[in-house]
Amino acid sequence: MSHFYKKKAYRYPLYALTVISFSLIGMLSYFQWILGLASFLLLVFVLYYVIKSQRTLYAELEQYISNLSHRLKKVGEEALMEMPIGIMLINDDYVIEWTNIFLTSCFGEQTLVGRSLYDVAEQLVPLLKQEIDTEMIDIHERKFKVIIRREEKLLYFFDVTDQVEIEKQYEAERIVLGIIFLDNYDEITQGMDDQSKSQLNSQVTSTLNKWANDYGLFLKRTSSDRFVAVLNERILQQLEKNKFAILDEVREQTMKNNIQLTLSIGIGTGVSSLPELGALAQSGLDLALGRGGDQVTIKQANGKVKFYGGKTNPMEKRTRVRARVISHALKELIIDSDKIMIMGHKYPDMDALGAAIGVLKLVQLNQKEGFIVLDTNHIDSGAQRLVEEIKSHPELWSRFIQPEQALELITDDTLLVVVDTHRPSLVIEEKLVFRTDHIVVIDHHRRGEEFIENPLLVYMEPYASSTSELVTELLEYQPQRMKLTMLEATALLAGIVVDTKSFTLRTGSRTFDAASYLRAQGADTVLVQKLLKENMANYVKRAKIIENATISARGIAIAKGKPNETYDQVLIAQAADTLLTLNGVVASFVISKRTDEKIGISARSLGDINVQVIMESLGGGGHLTNAAVQLANVTVEEAERRLRAAIDEYLEGGKKS
């Protein structure tokens, strides 16, 4: 130990004081030798006492430091050997050179010295090779946080089993809020007598109460068609494991009485703030209803969304009140705008073009200037014939503009109407969405996670066959200053025909009402057939895709085009439609390279398999019986592998069943 307190520098003041004292005593002795002698003796005594005291202090201080050093050394040794912290020294070959007693006891062995990490804790080797500084590992059913010091080849092990258990318990007991909505309660009970309505309420309430008691939820009915549920994460996991079977139970029980009542549930989770939970639950319910109901939407604070249910087609509403209200609201927005721009999705099909033309007519009926945004270089081949027909009508064709022109014309007071999509990434020109705050969305697809932010008006009806059907209904409630032209009515009818596969899929009574209205307005069915015709080359190309299809035992048909050959999206969709007509096929998927170098997958089903959920798991979307996805930077084989994995997950009851 360095005796810093014995340094001579600390004694210099004492030496100086002694010299000065002797000098003063010498001067005093010169005048009074007796007094000088007495002072000298006193000074000697004081110096003797100071030196003796200093030596005693040094001795006691050294003894104290020695005792303290011994105690610290002993404590360090005990801490190293006895404290519940594992310590391990290894060499470059991952051989253990030393461990403390605690770590040895964790492995249940007498000694670990000389053993290889590959034998003792193989999971540590990748951490050392990957230069990870800290990680959580499992050792003999205990959880340890490992901290690695590479320069010293030293590893610290902290037992965090109890901490992890507490965290799990906290996570499991976090509050979750749910809002349960009876989708079509008002429509069903509108014509019921009091007794029938009471029986229905009793049946639904008893079913939900039994479900709540079985799982331990708190359930409270807040209105005739709405319940609030309070649960925790542990209960939510049980409900997810059971795939929210309450949806099927309520639907099946009510259908026994010839009543088609379904549930929509919005759940908020992942935050501790009750207001935020409530907002997430309501947002989830809105999303579930926007997707057609009969499903559960779980929204988390990080933006992730999980869906369950959605196994049935959305039911058609029996009232046109909403269409009339939306039509009048849209009329007011049009009147308050300086101009209106209408835009569909990329590579617009017949439905997107027909709906855009219908909205343009609605704008003209209200004597406003409107434009349809269309990229003529990227048009669906089926819609190309419609565009050629429009070009022969200069008055209508003059209303079509390129995206570049639209960006120049748009102002802060321009109204943007987006048709046949609600995802900003799919519109023809995404910049237009961010150039104006006045946006209207008209769509018939089930609502997805991605959605245009803060639209002024949203008209999304998943029960509708097509966006053209929705726009046709809106036209019926506009002031009839002028009739639809033959081409306008035909374009809308063609959109309905294409999306319903000639009135065979997703067709309700409202679909035929819209078609009847268009026919009365002069729609030419012969022209529709001409627009839908295909050439021989495409027919043969489609037949070759179908020829290579494989059909599984579950009735799922998968076909793919040649890896180096491009196919039009319409041809892919037509191949999927054709496969669905084959005997024993309940769902069909066609994979091929598109003209834009992406890999396209078109999916169709008869309703038993929800192809929308399968496509959403790959980043796409659509309807229960009609969906698609486009994959970038993948091969046809890779796309097939991912598709088969998504199908297997769905069939096994994946998270989005």
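**Figure 1. Helix 13 packs against helix 19 in this predicted model.** Here you can follow helix 13, residues 350–365, alongside helix 19, residues 486–500. The two helices pack at an angle of about 145 degrees, and their axes are 8 Å apart. Their crossing is left-handed. On the helix 13 side, the contact is made by Met-350, Asp-351, Gly-354, Ala-355, Ile-357, Gly-358, Lys-361 and Gln-364. Helix 19 answers with Glu-488, Ala-491, Leu-492, Ala-494, Gly-495, Val-498 and Asp-499. If you sort the residues of this contact by type, you will find seven nonpolar, four polar and four charged.

Figure 2. With 0% relative accessibility, Ser-468 counts as buried, because the cut-off for buried is under 20%. Look for the polar contact between the side chains of Ser-468 and Asp-351, at 2.8 Å.

**Figure 3. Ile-342 sits in the largest nonpolar core.** This core has 54 residues, and those with the most contacts inside it are Ile-342, Val-417, Ile-442 and Leu-518. Zooming in on Ile-342, and not counting residues up to four places away in sequence, you can pick out its contacts with Ala-356, Val-359, Leu-360, Phe-371, Ile-372, Val-373, Val-417 and Val-419. One of these partners, Val-417, is itself listed with Ile-342 among the residues with the most contacts inside the core. Another core, of 31 residues, lies apart from this one; among its members are Leu-219, Ile-235, Leu-263 and Ile-265.

**Figure 4. Leu-579 is a buried residue of helix 23.** Helix 23 covers residues 569–580, and Leu-579 is found within this helix. The relative accessibility of Leu-579 is 1%, so this leucine counts as buried. Once neighbours within four places in sequence are left aside, Leu-579 is in contact with Ile-546, Ala-549, Ala-557, Ala-559, Val-585, Ser-588, Phe-589 and Val-590. For a sense of distance, compare Leu-579 with Arg-604: the two are 25 residues apart in sequence and 8.7 Å apart in space, C-alpha to C-alpha.

Technical notes. Residues are numbered from 1 along each chain as its sequence is written. This is a predicted model: local features need pLDDT of at least 70, side-chain atom pairs count only at pLDDT 80 or more; totals for chains, interfaces and linings use all residues. Side-chain values use heavy atoms; hydrogens and water are left out. Axes are lines fitted to C-alpha atoms, for helices over the stretch in contact, and angles run from 0 to 180 degrees between N-to-C directions. Helices (H or I, at least four residues) and strands (E, at least two) are DSSP runs, numbered from the N terminus. A crossing is left-handed if the near helix is turned anticlockwise from the far one by less than a right angle, and right-handed if clockwise. Contact means heavy atoms within 4.5 Å. Ala, Val, Leu, Ile, Met, Phe, Trp, Tyr, Cys and Pro count as nonpolar, Asp, Glu, Lys and Arg as charged, and the others, Gly among them, as polar. A nonpolar core is a set of buried Ala, Val, Leu, Ile, Met, Phe, Trp, Tyr and Cys residues joined through side-chain atoms within 4.5 Å. Buried means under 20% relative accessible area, exposed over 50%, partly exposed in between (1.4 Å probe, protein chains only). A polar contact is a pair of N or O atoms within 3.5 Å; within protein, one must be able to donate a hydrogen and the other to accept it, and residues adjacent in sequence count only if both atoms are side-chain atoms.
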